[in-house]
Amino acid sequence: MNIRTRFAPSPTGHVHIGNIRAAIYNWLFARHEGGKFLLRIEDTDRERSTPEAVKTVLDAMAWLGLNYDEPPVYQSTTTQTHLAAAERLLKAGHAYKEDKGGTGQGECIVFKMPGTDMAFHDEIKGELKKAAADMKDFVIVRSNGTPVFHLANVVDDIHMSVTHIIRGDDHIENTYRHVALFQALGAPVPKYAHLPMIVNAQGKPYSKRDGAAYVGDFKEKGFLAEALFNYLALLGWSPGGDREVMSRDEMAKLFTFDRVQSSAAQFDVQKLEWMNGVYMRSLPREELIAGARAAMEKQGVWNDAIAPDYFARVIETLGERIHFFTDVADQAGYFFSDEYPYDEKAVQKRLKKEGALDSLRELRERFAALSDFTAAATEQALRKLAEEKGTGAGALVHPVRVAVSGRGEGPSLFHMLEVLGKDRVLKRVDAALARFAA
RNA sequence: GCCCCCAUCGUCUAGAGGCCUAGGACGCUAGGUUCUCAUCCUAGUAACAUGGGUUCGAAUCCCGUUGGGGGCGCCA
C-alpha cells in the first residue's frame with residue numbers, strides 16, 4: 001500500500017505550533033512508511049487567505065525541513081470538483097436541498113447521515129463510535145453556492161488519494177461526518193489518527209496568550225529549527241526508553257502511532273530552551289558564526305568594520321555561553337563598542353570595594369609592561385601580582401572584568417583580554433579608573 | 001444540557017499483570033570543577049486522581065466516581 005499523508009492548513013497568516021506538530025507527525029509517518037507527504041493549502045476563505053498568509057505557511061514548512069513530495073494543492077482551484085461531488089450525492093439520494101435561512105438567497109445542499117450507528121478505528125485512540133441519534137445531517141454546499149469545509153476536505157482527500165489522516169483530536173466529531181461522506185462517494189475510507197492537543201498550564205488549548213505560539217515566534221526568538229522539530233515531535237510521542245535528542249531521520253525510523261500519547265500535552269518552554277541549548281552546543285563553528293552575525297544584522301548592531309577573523313574569535317571565546325544567537329549582541333556588546341554600559345551591581349561589588357581600584361591600577365602597569373598580550377601572559381602577570389599582594393586571583397580578576405566589559409559575568413577573563421587586545425584593555429582600564437575614582 | 005475523548009513526579013514521558021521499594025529528561029535544591037557566568041559531573045526532590053472489581057499478583061484489564069479537555073455553525 002502506498003502511504004500518503006497530508007498537511008492541510010488554512011493560511012491565516014500564522015502557523016500554530018499545534019498545527020505544525022500535526023504536520024511533523026504526518027511527515028514522520030510518511031517517511032517511516034516510505035510513503036508520500038503532501039501539502040494542501042485550504043485557501044477558500046478569501047478574506048484571510050492572502051498570498052502573504054500562504055507564504056507564511058510555506059516558509060514555516062521550509063524552515064522546519066518539512067519537504068512535501070508533490071506540488072501543493074490549492075483548494076481554491078478545486079471548487080468545481082467539490083460541487084460536482086455534491087451533485088452526485090444529490091443524484092444518489094445522499095443529499096437534499098433545503099432553503100431555510102442562510103447566507104445566500106438560493107437553496108443549500110444538506111448531506112444525509114446514514115441513520116445508523118457509526119464506528120471507526122483510530123490509530124491512536126482505538127475504537128471510536130457514535131450513536132445514530134447523536135449525529136445530524138449537515139450542510140455541504142451553502143446557499144450562496146460555495147462548498148463547506150467537510151465536503152471540500154473529503155473530496156480533496158479522495159482526489160489526492162490520501163490514505164492516512166493525521167490531525168488534532170478536536171476533529172474527532174467531524175470524522176464521523178467525513179467517514180459517511182467517503183462512503184457515500186464510494187471512496188475508500190482512509191485511516192485516521194487523532195493527535196491530542198497541546199495545552200497550556202491551565203489545560204486549555206495553547207494560544208498566543210500563553211507565550212510564543214506560532215512557528216514564526218520561535219524562529220524570531222532564535223530557536224533552531226532542529227530543536228523545535230525535536231521538541232515538538234516529543235510532545236505527544238516517545239520512541240520508548242530514554243531517547244530524547246535525535247536526528248529527524250532517527251525519529252522517522254522510530255515513529256509509530258502506538259507510541260503516540262492519547263492525552264493532551266502541556267507545552268514547556270523551559271525544556272525547549274534546554275533542548276535548543278543542546279543543539280546550539282553541537283553546532284559547527286561556521287554555523288554559529290553565521291547565525292550570530294545574521295542575528296546582529298537583524299538587531300541592527302552589525303558593523304561592516306567588524307573583521308571576520310575578530311568576530312570568529314569573539315564567538316569562539318563566548319562559546320557555550322551563547323544560548324541564542326541574539327545573546328552575542330545582548331550580552332557581549334562590549335566586544336564591538338567602547339560605549340558599553342556598566343552594570344551598577346557589578347560596579348558596586350567589584351570596583352567600589354576597598355582597595356579594588358588601587359589593585360586595578362597596579363595590574364594596569366603590569367599589563368602595560370607585557371610585550372605579548374596572550375591569555376597565558378596576562379594570566380601569569382595577574383597571578384604573580386596576586387601572589388605578591390597576598391590576595392586571591394579573584395580580587396584582581398573581577399575588577400578587570402567589570403572595567404573592560406562593564407559586566408560581572410562573562411567568558412574566561414584572560415581569553416577575553418586577548419581578544420580585546422592590549423591597547424583597548426589599557427584604555428578601558430584607564431577610563432574605568434578615571435570614572436570610578438571619585 | 002446532550003455526545004465524545006482523556007487521566008504516572010510541577011512538566012514531557014518509560015511502563016503493554018509479577019523485572020516497579022515506578023525508570024529517564026526538563027525544572028528546582030545542594031555539592032564539585034572554575035576568575036565570574038555558561039558548560040560539565042554528582043546527589044537530592046517529586047507521581048501511578050479516587051472507589052470498586054478480575055487475579056495468587058495490578059500503574060498496567062473491567063466498571064463507577066471525580067477532575068480536565070473537545071464537539072454540538074450555511075467557521076475551518
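The dialogue below concerns a predicted model of chain A.

Visitor: How many helices and strands does chain A have?

Guide: Chain A has 18 helices and 12 strands.

Visitor: Why is helix α14 called roughly perpendicular to helix α16?

Guide: The axes of α14 (residues 356-369) and α16 (residues 394-405) cross at roughly 80 degrees. Angles of 65 to 115 degrees count as roughly perpendicular, so α14 is roughly perpendicular to α16. The two axes come within 9 Å.

Visitor: Which residues make that contact?

Guide: From α14 come Ala356, Ser359, Leu360, Leu363 and Phe367. Leu396, Pro399, Val400 and Ala403 belong to α16.

Visitor: How do the residues of the contact of α14 with α16 divide into nonpolar, polar and charged?

Guide: There are 8 nonpolar residues, 1 polar and no charged.

Visitor: What share of the residues of chain A counts as buried?

Guide: Of the 438 residues, 49% count as buried, the cut-off being under 20% relative accessible area. The accessible surface of chain A comes to about 21,400 Å², with 49% of that surface belonging to carbon and sulfur atoms.

Visitor: Among contacts between residues at least 6 apart in sequence, what percentage joins residues at least 24 apart?

Guide: In chain A, 72% of those contacts do.

Notes
Residues numbered from 1 in each chain as written. Chains lettered and ligands numbered in written order. Predicted model: local features only at pLDDT ≥ 70, side-chain atom pairs only at ≥ 80, totals over all residues. Heavy atoms only, no water. Axes fitted to C-alpha atoms, helices over the stretch in contact; angles between N-to-C directions. Helix = DSSP H or I, 4+ residues; strand = E, 2+ residues; numbered from the N terminus. Parallel < 35°, antiparallel > 145°, perpendicular 65-115°, else oblique. Contact = heavy atoms within 4.5 Å. Nonpolar A, V, L, I, M, F, W, Y, C, P; charged D, E, K, R; others polar. Buried < 20%, exposed > 50% of the residue type's maximum accessible area, 1.4 Å probe, protein only. Areas by Shrake-Rupley, 256 points an atom, 1.4 Å probe, with all protein chains shown as cover.
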